Amino acid sequence: MPNGDSVDLLVIGGGVNGAGIAREAAGRGLKVLLAEQGDLAQGTSSASTKLIHGGLRYLEYYEFRLVREALKEREVLLANAPHIIWPLRFVLPHADHLRPAWMIRLGLFLYDHIGGRERLPASRSVDLRSDSVGAPLLPQFRKGFCYSDCWVEDSRLVVVNAMDAAERGAQILTRMRVVSARAAGGGWQAVLQDRSGARRTVSARGLVNAAGPWVAGVADAVIGRPLDAPIRLVKGSHIVVPKLFEGEQAYILQNEDRRIVFAIPYERRFTLIGTTDLNYLGDPASVAITPGEVDYLCSVIGRYFRKAVTPADVIWTYSGVRPLYDDKRESASAVTRDYVLRLDAQEGAPLLAVYGGKITTYRKLAEHALEKLAPHYPALGRAWTAEAPLPGGDMPDRDFDRFFAGLLSRRPWLPERLARRWARAYGTRVEAMIGGADGINGLGRHYGDDLYQCEIDYLTSREWARSSTDILWRRSKLGLHLAPATIQALKDALGETGPLGQEQGTGEFPAARLGGERL
Ligand SMILES: Cc1cc2nc3c(=O)[nH]c(=O)nc-3n(C[C@H](O)[C@H](O)[C@H](O)COP(=O)(O)OP(=O)(O)OC[C@H]3O[C@@H](n4cnc5c(N)ncnc54)[C@H](O)[C@@H]3O)c2cc1C
């Protein structure tokens, strides 16, 4: 990027909202620059429960607008990214003293009907004594309900949005912090700083503050205009344990404090358990799970499952901070998950601040963001993302299974598990990654396990990956699977020094702790 560059829109933050806004704007004809201080999805957008969901529990808080929009988005996103988003069936064991059956039935009826469900199956009751989904549960749970939502690879969703934005002309700069932005002459003058301390200036017609949990800090310290509405930071943590149950279904568990906790099949060999909801006042960059949160999550599992989970079973944890619009609710779990967009056009220089939101609603949020900015961009094109596949998602009939079968038949020499991992992660882009290789030796250097040079090259050249942490924990979750020697070989190749598998702020553990089967 040349110093003194001039763009239509400068987006601060490469989380799902910043990347979604950059994509929407670039596709509508704007010259866009997105600056992310770390790696894409380094903040909250890689620390979610990874559900594209309406949010069944938000019905209790009468969040009908949010639930309806989110339910509709499930189908839109599933169609546009069938590689990284897939349907997930949830089992809700009935606990009458927490919520009566009529209330759950009413909630599920609304859930099935207010969002225009088309591809996902409807909810139903289930006899936990006879259905296999009841097998891992304690025998007192005899009745339950099943309903559908979707899973998403959250950090990959961010990357494919950034890729699409870039393919439509946006500049995506990672490890590039916006250190100041000031209104000048009906636009913005911003200063960006890279990791070496080098600075460059950018002038922009409009500015978007999509800094997630840093949104207030950016408003104060970078832009010099404090937010005009309060933000509430709410921390949420997850634990990952060895597989707790068989089957592809997830469980939604009601807790005595009226919160809910999910137990979800994760990365073939594990179960993901979360989340917590705690008010948070610290630095979002140093968020980490506490022993109290681990105990809380283990105890919820103990109330439902035959198999106990203890802190010693925990293999990996991660924590994130929700940047919520503060509606002054007392409890952290009751604060609205809906998003709010505030436009400030003082001195004729548009500034849009993003509060709250869900991974699920990022695309609608981006559309609404551009609607707000539209008066400042007379030549703006039309909203376009509802039917546009994300990179890798352009499969015939949006049918992942058929695409995968085709990949195996075109490349019969690819080991099936590797082919599946790549098809899920990269979708149709897997062909560009494999290129002209016609056998396993054509994939380049073998680092160990199923890590090959072509994947590293693809991630570094097309997906802005720069470090082993980017590759192992955000572009993939290979950090959970690879042998220490493979990780070390990768780090050596990238010229990294430092302790194996540990990088500040990731909450990651070396794969050595995992034992058992390797990829
Ligand atoms: C525990 C938990 C579970 C969740 N589960 C779900 C779920 O299952 N489904 C769902 O739909 N939603 C879920 N969410 C909500 C969802 O994750 C967030 O709403 C969403 O990720 C927020 O994205 P964002 O882009 O606003 O923020 P972020 O992802 O945090 O992105 C903001 C970015 O701005 C960057 N930045 C900050 N300051 C600067 C600067 N000065 N210059 C450049 N860059 C800067 C940061 O580095 C960061 O990457 C969950 C959230 C949490 C915490």
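V234 stands opposite N279 in strand β15. Strands are DSSP runs of E with at least two residues, helices are runs of H or I with at least four, and both are numbered from the N terminus. The model is predicted: local features need pLDDT of at least 70, side-chain atom pairs count only at pLDDT 80 or more, and totals for chains, interfaces and linings use all residues. Residues are numbered from 1 along each chain as its sequence is written, and side-chain values use heavy atoms, with hydrogens and water left out.

Strand β15 spans residues 278-279 and runs antiparallel to β11, to which two bridges join it. Pairing requires at least two DSSP bridges between two strands. β11 also pairs with β14 (residues 270-274) in the antiparallel sense, over five bridges. Here V241 stands opposite T271. A further antiparallel pairing links β11 to β16 (residues 316-325), over 10 bridges. In β16, W316 is the bridge partner of V240.

β11 itself covers residues 231-242 and is mostly covered: 10 of its 12 residues are buried. Buried denotes under 20% relative accessible area, exposed over 50%, and partly exposed the range in between (1.4 Å probe, protein chains only). In a regular strand, side chains alternate between the two faces of the sheet.

A backbone N or O atom of G357 lies 2.6 Å from a ligand oxygen. For a polar backbone atom of T44, the distance to a ligand oxygen is 2.9 Å. For one of K50, the distance is 3.4 Å. Taken alone, the ligand exposes 1,000 Å², of which the protein buries 98%.

L106 is found in helix α3 (residues 101-113). L106 is partly exposed, with a relative accessible area of 45%. Together with W102 and M103, L106 forms a nonpolar surface patch of about 320 Å² accessible area. Patch members have over 30% relative accessible area and no salt bridge; nonpolar side chains (Val, Leu, Ile, Met, Phe, Trp, Tyr) are joined within 5 Å, like charges within 9 Å. A salt bridge places a side-chain nitrogen of Lys or Arg within 4 Å of a carboxyl oxygen of Asp or Glu. Accessible areas come from the Shrake-Rupley method with a 1.4 Å probe; for residues, only the protein chains shown count as cover.

Notes: Polar contact = N/O pair within 3.5 Å; in protein donor to acceptor, adjacent residues only side chain to side chain.
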